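Let us read a structure together, one feature at a time.

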Amino acid sequence: MRIGQGWDSHRMLEGRPLYLGGVVIPSHKGESGHSDGDVLIHALIDALLGAAALGDIGRHFPPSDQAYADIRSTILLENIRDLITENGYVIVNIDTTVILQSPRLAPYIEDIRSSIARTLQIEVSCISVKAKSAEGLGPVGQGESIEAQAAVLLAEAVPELWL
Ligand code: MG
């Protein structure tokens with residue numbers, strides 16, 4: 001078993017779409033970013049890479065590389081999913097927290113879980129997505145930024161010839 005954790009933060013800008021876990025959430029503000037700004041997927045990617053000790057998101061997808069300009073973060077997550085598999089790991093479970101002032105995420109949590117499950121090709125029951133407000137405090141509480149945290153547990157895959 002191997003544990004990993006990830007964190008990310010993005011500025012919130014008027015008129016940008018708010019992507020979380022590959023789902024567009026109705027909001028007048030969304031994340032700035034070189035990609036679609038999906039702060040939840042970015043934290044999750046860093047947790048997956050951390051668990052496998054394979055570096056971080058910036059090493060695999062440099063912001064200076066125009067190939068990743070405006071790319072959907074779900075595509076980045078698919079790449080990391082394949083990398084994790086190639087390195088002989090399976091995902092046991094994922095726990096995440098999104099911290100933002102608004103909108104309330106409760107109506108979208110199940111869609112976000114399903115989207116991550118689809119992208120990672122694992123059961124939705126293995127994925128937890130929680131949301132918190134910052135109680136009006138700091139840049140997150142003022143709606144100027146959004147943060148996400150992720151924890152991941154990986155297990156070494158059992159080789160097929162053993163099954
Ligand atoms: Mg990011």
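Q: In which element is leucine 83 found?

A: This is a predicted model, in which local features need pLDDT of at least 70 and side-chain atom pairs count only at pLDDT 80 or more, while totals for chains, interfaces and linings use all residues. Residues are numbered from 1 along each chain as its sequence is written, and side-chain values use heavy atoms, with hydrogens and water left out. Helices (H or I, at least four residues) and strands (E, at least two) are DSSP runs, numbered from the N terminus. On that reading, leucine 83 is found in helix α3.

Q: Leaving aside its neighbours within four places in sequence, with which residues is leucine 83 in contact?

A: Contact means heavy atoms within 4.5 Å. With those neighbours within four places left aside, leucine 83 is in contact with Leu49, Leu54 and His60. As for isoleucine 122, it is 39 residues from leucine 83 in sequence and 15 Å from it in space, C-alpha to C-alpha.

Q: How do the axes of α1 and helix α3 cross?

A: Axes are lines fitted to C-alpha atoms, for helices over the stretch in contact, and angles run from 0 to 180 degrees between N-to-C directions. The axes of α1 and helix α3 (residues 73-86) come within 10 Å and cross at roughly 10°. Angles under 35 degrees count as roughly parallel, over 145 as roughly antiparallel, 65 to 115 as roughly perpendicular and the rest as oblique; α1 and α3 are therefore roughly parallel to each other. In this contact, residues of α1 including Ile41, His42 and Leu44 meet residues of α3, among them Ser73, Leu76 and Leu83. For the classes, Ala, Val, Leu, Ile, Met, Phe, Trp, Tyr, Cys and Pro count as nonpolar, Asp, Glu, Lys and Arg as charged, and the others, Gly among them, as polar. The contact of α1 with α3 then has 10 nonpolar, three polar and no charged residues.

Q: What is the angle at which α1 and α4 pack?

A: The angle is about 45°, with the axes of α1 and α4 13 Å apart, and these two helices are therefore oblique to each other. Their contact is made by Leu40, Leu44 and Leu48 of α1 together with Ile112, Ile116 and Leu120 of α4. By class, these residues divide into six nonpolar, no polar and no charged.

Q: What is the order of the strands in the open sheet?

A: Strands of a sheet pair through backbone hydrogen bonds, either parallel or antiparallel. Two strands count as paired if DSSP finds at least two bridges between them. Here five strands form an open sheet in the order β4-β1-β7-β5-β6, with mixed pairing. Its edge strands, each pairing on one side only, are β4 (29-31) and β6 (127-132). Neighbouring strands of this sheet are turned by 25° against each other on average, direction ignored. Helix α1 (residues 39-51) packs on the sheet, where it touches β1, β4, β5 (89-99), β6 and β7 (145-156), and its direction makes about 160° with that of β1.

Q: Over how many bridges do β1 and β7 pair?

A: β1 and β7 pair over 10 bridges in the antiparallel sense, and within this pairing glycine 6 stands opposite alanine 150 in β7. β5 and β7 likewise pair in the antiparallel sense over 10 bridges, and the bridge partner of threonine 96 in β7 is alanine 150. Between β1 (residues 2-14) and β4 there are three bridges, and these strands run antiparallel.

Q: Which residues coordinate the magnesium ion?

A: Donors are N, O and S atoms within 2.8 Å of the metal (3.2 Å for Na, K and Ca), and water is not among the atoms, so sites may look incomplete. The magnesium ion is coordinated by Asp8 (OD), His10 (NE2) and His42 (ND1), at 2.1 to 2.3 Å. The sequence spacing of these donor residues is D-x1-H-x31-H. Histidine 10 lies in strand β1 and histidine 42 in helix α1, so the pair ties together parts that are 32 residues apart in sequence.

Q: Which peptide bond is cis, and where is proline 103 placed?

A: Most residues other than glycine have a negative phi, and most peptide bonds are trans. The bond from serine 102 to proline 103 is cis, with omega near 0°, and proline 103 has its place in the loop between β5 and α4. Alanine 53, although not a glycine, has a positive phi of about 50°, and this alanine 53 is found in the loop between α1 and α2 (57-60).
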